[in-house]
Amino acid sequence: MSLPEFSAAQWTVVAISALCLGINKSGLPGLSLLYVATFASLFPGQASTGIVLPMLIAGDIGAVLLYRRQADWGPIRRTLPVALAGVVVGWLIMRALPNTDFRPVIGGIVLALVAVQLGRHWRPSW
């Protein structure tokens, strides 16, 4: 597998997006919209997922190893089954539709997440 032929500007955007991913994993919310949209625009849907998901998993493993004694495991136990189900459902959809361009789907998800973030900002009680 070879690296894509990107311009220096595109590689810079990829590097900044990867940095945003790491910052987002450290607890600063909202940057996920940037790196998800960037990777989806630079790579086809399945490839962008294949690039981002391992980085997210590596970040989670690093966080667990670093903060395992201070972690609040309750929220993790509650959300892990749903998160794993979402990964499996996404994998099944991508496997069933291998030649589909998922960028519009990813774009719709990003817009929905923007709406959720704005709703949480304007109405914290939601």
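Helix H1 (residues 8-25) packs against helix H2 (residues 32-42) at an angle of about 145°, and their axes lie 8 Å apart. The model is predicted: local features need pLDDT of at least 70, side-chain atom pairs count only at pLDDT 80 or more, and totals for chains, interfaces and linings use all residues. Residues are numbered from 1 along each chain as its sequence is written, and side-chain values use heavy atoms, without hydrogens and water.

Some terms for this pair come next. Axes are lines fitted to C-alpha atoms, for helices over the stretch in contact, and angles run from 0 to 180 degrees between N-to-C directions. Helices (H or I, at least four residues) and strands (E, at least two) are DSSP runs, numbered from the N terminus.

**The H1-H2 contact**

H1 and H2 cross in a left-handed sense, that is, the near helix is turned anticlockwise from the far one by less than a right angle. From H1, the contact draws on Gln10, Val13, Val14, Ser17, Ala18, Cys20, Leu21 and Asn24. H2 contributes Ser32, Leu34, Tyr35, Thr38, Phe39 and Leu42. Contact here means heavy atoms within 4.5 Å. By class, the residues of this contact are nine nonpolar, five polar and no charged. Ala, Val, Leu, Ile, Met, Phe, Trp, Tyr, Cys and Pro count as nonpolar, Asp, Glu, Lys and Arg as charged, and the others, Gly among them, as polar.

Val14 sits in H1 and Thr38 in H2. They are 24 residues apart in sequence, yet their C-alpha atoms are 7.4 Å apart in space. Leaving aside neighbours within four places in sequence, Thr38 contacts Val13 and Ser17. With residues up to four places away again not counted, Val14 touches Phe6, Phe39 and Leu42.

**The nonpolar core**

The largest nonpolar core has ten residues: Phe6, Val14, Cys20, Leu21, Tyr35, Phe39, Leu42, Phe43, Val52 and Leu56. Such a core is a set of buried Ala, Val, Leu, Ile, Met, Phe, Trp, Tyr and Cys residues joined through side-chain atoms within 4.5 Å. H1, H2 and helix H3 (45-67) each supply at least two residues of this core. Leu21 contacts Tyr35, Val52, Met55 and Leu56, setting aside neighbours within four places in sequence.

**Burial of selected residues**

Buried means under 20% relative accessible area, exposed over 50%, and partly exposed in between (1.4 Å probe, protein chains only).

| Residue | Relative accessible area | Class |
|---|---|---|
| Thr38 | 10% | buried |
| Val14 | 11% | buried |
| Ser48 | 4% | buried |
| Pro75 | 32% | partly exposed |

Ser48 belongs to H3. Beyond residues up to four places away in sequence, Ser48 touches Phe39, Ala40, Phe43 and Ile106. Pro75 belongs to helix H4 (residues 73-96).

**The whole chain**

The protein chain has five helices and zero strands. Its pattern along the sequence is α-α-α-α-α. The C-alpha atoms fill a box of roughly 40 × 30 × 30 Å along the principal axes. Of the 126 residues, 18% count as buried. Among contacts between residues at least 6 apart in sequence, 57% join residues at least 24 apart. The chain exposes about 9,300 Å², and carbon and sulfur atoms supply 70% of that area. Accessible areas come from the Shrake-Rupley method with a 1.4 Å probe; for residues, only the protein chains shown count as cover.
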